[in-house]
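Work through the exercises below with the structure open. Try each task before reading its solution.

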Amino acid sequence: MSLKVDRDGMAFTFKGGMLPMTVMELTSADPERIREQLAGKLSQSPAFFQHTPVVLSVEQLDEPHLALERICAVCRAHKLLPVAVRGGTDPVKQSSWALGLGWFPPQEAGRPRTLESVPTADEPVEEAPVVDEPAPAAGAVGRIYRGTVRSGQQVTAPEGDLVVVGAVNAGAEVLAGGSVHVYGALRGRALAGIHGDAGAAIFCRELRAELLSVAGNYKRLEDIDPRLLGTGVQVRLDHDQLGIAPLD
Amino acid sequence: MAKIIVVTSGKGGVGKTTSAAAIATGLALRGQKTAVIDFDVGLRNLDLIMGCERRVVYDLVNVIQGEAGLNQALIRDKRVDNLHILPASQTRDKDALTLEGVETVLNTLNKDFDYIVCDSPAGIERGAQLAMYFADEAIVVTNPEVSSVRDSDRILGLLSSKTRRAERGEEPIKEHLLITRYNPNRVDSGDMLNLEDIQEILAIKLVGLIPESEAVLRASNQGVPVTHDDQSDAGQAYSDTVARLMEEDVPLRFHQYQKKGLLSRMFGGNRR
């Protein structure tokens, strides 16, 4: 018997993947109210409703039974494709499966820490080991990078904060488990709280970023208020919305 | 001990070969024994710019593969005594170059020359990485436009990580910014990035600024490096650049818009 797998004979392979997904956070279980609101949104941005796959999040609803089938029908009528349900009671889970939808556990359980329990961005920097050499210092507490982060380069602090003493240029990427501090122009991508820490933040002296992200919530350059460009800002999560505020 | 200088940019068509030829010529004119090597295997151009294309017999690949000696492949420049050209092969591709082969060639040249100028191919692949690997200094050629600046930024990242000095943790490569095709007129009107913006983004020291000039195209087509045209603005700007490379303090020229007077408007002005 041969253990060799004939590549041509394979019908598929399983691969892990991370895809961007729109979550539709339901605050009402009434299909009629959902229909009204969707109709309004559809007229505002028709481009969004192009058979867009969505995950229906029912975490904020406190109802054991949902008219899931009708909600799905309303969505489909507005060219949204429900692919899964997140949260809810056991009957909700069962009816999701019955409708051929996937089911995800509520998000809160997966979140490691909440805003209050996290030491905020201001303090851990001093604890980080300060290294004089230009080479980046890696450590569990954080990392200080001195110099320009250039296009194509990626600087990561998997645990703790990342401090960049210099600029982050367009096409560069800086990531941190905690907060990202840039003492210079931020022209590339900055991702803070990459493990889901919603209390993380991004600070920079001159905002020109291609992308800002805190705990997976992101804004592209196009989404940023042009008046804030070129100024010193802090970026943090406020009720799942990315807020950008001037530092001064 | 020769100083190895790579002329690189990431982006194509910004003036790497023109600059390599002009700078090597300028160094030789100042009495420095200089070799200029074309690393653009498969798309060789340096021999044309240097005006020695009819005298190419052997090339860099022949030397690396042991088919010819280095002295057989080196072409002596007709105009300047101290200048030698090592052409690239037009019939091979960049896979014909090996790290060991390049090292052997550079080590041999190291004994006899003051400067070795490596003309890098465009891109960030093997050819470009081999051209920069052994460098002591790098001249990053940038045009005043956003895509060129971003590619230069990428190359600067590679210079600080994918070179021998970086891998051995030695003193980093000395990086110089050379801005070419600068047109102060178009900078003023907002068509081109200005000098300060480019310097701010790339954050390295400016070694020269070459104005957009008809003299450059003329020089390329005639096969005479523009440094020889000491009446032209570009020729003078390259001479200034060479002086700065040799650590002389030369004030910057040609970066400001000059209004033409009546006479120069009538008679076409100085040679551009």
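**Exercise 1. Which residues of α1(B) and α12(B) meet, and how do the two helices cross?**

Step 1. List the contact, with heavy atoms within 4.5 Å as the criterion. From α1(B) come B:Thr18, B:Ser19, B:Ala22, B:Ile23, B:Gly26 and B:Leu27; from α12(B) come B:Tyr238, B:Thr241, B:Val242 and B:Leu245.

Step 2. Sort by class. The contact of α1(B) with α12(B) has six nonpolar, four polar and no charged residues. Ala, Val, Leu, Ile, Met, Phe, Trp, Tyr, Cys and Pro count as nonpolar, Asp, Glu, Lys and Arg as charged, and the others, Gly among them, as polar.

Step 3. Take the geometry. The axes of α1 (residues 16-29) and α12 (residues 233-245) of chain B come within 9 Å and cross at roughly 65°. Axes are lines fitted to C-alpha atoms, for helices over the stretch in contact, and angles run from 0 to 180 degrees between N-to-C directions. Helices are DSSP runs of H or I, at least four residues; strands are runs of E, at least two; both are numbered from the N terminus.

Step 4. Name the arrangement. α1(B) and α12(B) are therefore roughly perpendicular. Angles under 35 degrees count as roughly parallel, over 145 as roughly antiparallel, 65 to 115 as roughly perpendicular and the rest as oblique. The crossing of α1(B) past α12(B) is right-handed (near helix turned clockwise from the far one by less than a right angle; left-handed if anticlockwise).

This is a predicted model: local features need pLDDT of at least 70, side-chain atom pairs count only at pLDDT 80 or more, and totals for chains, interfaces and linings use all residues. Residues are numbered from 1 along each chain as written, chains are lettered from A and ligands numbered from 1 in the order written, and side-chain values use heavy atoms, without hydrogens and water.

**Exercise 2. At what angle do α7(B) and α10(B) pack?**

Step 1. α7 (residues 146-159) and α10 (residues 195-202) of chain B pack at about 30°, axes 10 Å apart.

Step 2. α7(B) and α10(B) are therefore roughly parallel.

Step 3. B:Val149, B:Ser152, B:Asp153 and B:Leu156 of α7(B) touch B:Ile198, B:Ile201 and B:Leu202 of α10(B).

**Exercise 3. Which strands of the chain A sheet stand at the edges?**

Step 1. The order is β6-β8-β10-β12-β13, an open sheet with mixed pairing (strands pair if DSSP finds at least two bridges between them).

Step 2. β6 (154-157) and β13 (217-220) of chain A each have a single partner strand, so one side of each lacks a neighbour in the sheet.
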